[in-house]
Amino acid sequence: MANNTRTPESCIYEFLNKEFIGSKKYTMDKCRWSLFRTKKRLEDAGYDAMPKNIDVDAFMYLLTEAWTDYAVSYQESEFEYLKRYVKFFGNKVIDSLKYEFPQDMRVNVDWLTDEQYEILLNCPKTPLQDIVIHLELCMGFRNAECCRLILDDIHAGEMKPYLNVRGKGRGNGKYRTVRFHYKTKAILDRWLEQRARIVTKVRAANPNWQDPGTLLITDQYKNKPDAHEFAEHSGSLDDDVIIPLREQLGFHFANHTLRRTFGRRLFHAKVPIETISKFLGHESTIETLKYIGVNLDDMDEGMNLLEQYDRKTLSNKESK
């Protein structure tokens, strides 16, 4: 058992170095990202993030507030990492905690309302916020797909411009092609101008700096400029984009909220489900239908359309 560790950060690294001996780097990284996300959540909410001091109230805060925007499977994953971590440091509070995860039956809260959609599109944003929100809300990208985009994936000079997207899957993932949205070029140009300024600033401070080649790069440290790619699943892109905008606008949304909203708006615009599936990179239209959902408003519209069709096709006697 570990002891005499002074900070939450050093506790996390001690746990990883002892519990993940021989593990794959990605496996250890997933746990590290999870624990650092949780540490920040706890500290931001005023809880003690030292593993020995994480109590029932802190666990319940995470389960009932901090993690509620995650899919249930994601909540369970975060919970398991944290449970294993605190037990490593002798904290047995988890043994007394009785909690059942809900079934993953997410409803309208997973989509922006029309009003929220318009507010988010039109609010002032940094060039980085502008391009990320655009990719997720107007083109259906996953957060990880935004991080994976490289400059060579951009085909803006074509007659029908498009982006190559590396989606889910082992190795390099599964590629799909997504056509430009009608606002993509302007928003992309704005970000590329900002990206060029970042590169110039960093190279002036460090001529040996290597451009990672990703579309999105960070902009760090005024006194000693630095930049690098955004790591997938690290939460760093959320820190720069999603969280500040949520606080600015006063309503909640996550990356998947934006992607689902994109799918829903295509659905309401009468885009064929097969096309929506290709936009989202789904294996089948069944997956897409589950993803975008059908609620009572959709059913009302369906019944109204059926009534209109009946009135056109049935005799007066039958339609009365």
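Tutor: Buried means under 20% relative accessible area, and exposed means over 50%. The model discussed here is predicted.

Student: Is Cys-31 buried or exposed?

Tutor: The cut-off for buried is under 20% relative accessible area. Cys-31 has a relative accessibility of 1%, so Cys-31 counts as buried.

Student: Is Cys-123 buried or exposed, and how many disulfides does the structure have?

Tutor: Cys-123 has a relative accessible area of 10%, so this cysteine is buried.

Student: What does the chain contain in the way of helices and strands, and what share of the residues is buried?

Tutor: The secondary structure comes to 14 helices and three strands. The chain has 320 residues, and the buried share of them is 42%.

Student: What share of the contacts with a separation of 6 or more comes from residues 24 or more positions apart?

Tutor: The count takes contacts in the chain with a separation of 6 or more. Residues 24 or more positions apart account for a share of 58%.

Student: How many residues of helix H6 are buried, and which elements do they pack against?

Tutor: H6 covers residues 127-137. Eleven of its eleven residues are buried, so H6 is largely enclosed by the rest of the structure. Among them are Pro-127, Asp-130, His-134 and Leu-137. The elements that the buried residues of H6 pack against are H5, H7, S2, H8, H9 and H10.

Student: How is H6 oriented to H9?

Tutor: The axes of H6 and H9 (residues 236-249) come within 10 Å and cross at roughly 85°. Angles of 65 to 115 degrees count as roughly perpendicular. That makes the orientation of H6 to H9 roughly perpendicular.

Student: Which residues meet where H6 contacts H9, and how do they divide by class?

Tutor: From H6 come Leu-128, Gln-129, Val-132, Ile-133 and Glu-136, and they meet Leu-237, Asp-240, Val-241, Ile-242, Pro-244 and Leu-245 of H9. By class, the residues of this contact are eight nonpolar, one polar and two charged.

Student: Is Asn-143 buried or exposed, and which residues is it in contact with?

Tutor: Asn-143 lies in helix H7. Its relative accessibility is 19%, so Asn-143 counts as buried. Leaving aside neighbours within four places in sequence, the residues in contact with Asn-143 are Glu-136, Leu-237, Asp-238 and Asn-255.

Student: How do H10 and H12 lie to each other?

Tutor: The axes of H10 (residues 255-268) and H12 (residues 285-292) come within 9 Å and cross at roughly 110°. Angles of 65 to 115 degrees count as roughly perpendicular. H10 and H12 are therefore roughly perpendicular to each other.

Student: Which residues of H12 make the contact with H10, and how many residues of the contact are charged?

Tutor: H10 contributes His-256, Arg-259, Arg-260, Gly-263, Arg-264 and Phe-267, while H12 contributes Lys-290, Tyr-291 and Ile-292. Three residues of the contact are nonpolar and two are polar, and the number of charged ones is four.

Student: What is the phi of Lys-270, and is this residue buried or exposed?

Tutor: Lys-270 lies in the loop between H10 and H11. Most residues other than glycine have a negative phi. Lys-270 has a positive phi, near 70°. At 54% relative accessibility, Lys-270 counts as exposed.

Student: What is the order of the strands in the sheet, and which strands are at its edges?

Tutor: The sheet is open, with antiparallel pairing and the order S1-S2-S3. S1 and S2 pair over two bridges, whereas S2 and S3 pair over five bridges. Each edge strand pairs on one side only, and the edge strands are S1 and S3.

Student: Which residues of S3 form its covered face?

Tutor: In a regular strand the side chains alternate between the two faces of the sheet. The uncovered face of S3 has Tyr-175, Thr-177 and Arg-179, and the covered face has Arg-176 and Val-178.

Definitions and conventions: Residues are numbered from 1 along each chain as its sequence is written. This is a predicted model: local features need pLDDT of at least 70, side-chain atom pairs count only at pLDDT 80 or more; totals for chains, interfaces and linings use all residues. Side-chain values use heavy atoms; hydrogens and water are left out. Axes are lines fitted to C-alpha atoms, for helices over the stretch in contact, and angles run from 0 to 180 degrees between N-to-C directions. Helices (H or I, at least four residues) and strands (E, at least two) are DSSP runs, numbered from the N terminus. Angles under 35 degrees count as roughly parallel, over 145 as roughly antiparallel, 65 to 115 as roughly perpendicular and the rest as oblique. Contact means heavy atoms within 4.5 Å. Ala, Val, Leu, Ile, Met, Phe, Trp, Tyr, Cys and Pro count as nonpolar, Asp, Glu, Lys and Arg as charged, and the others, Gly among them, as polar. Two strands pair if DSSP finds at least two bridges between them. Buried means under 20% relative accessible area, exposed over 50%, partly exposed in between (1.4 Å probe, protein chains only).
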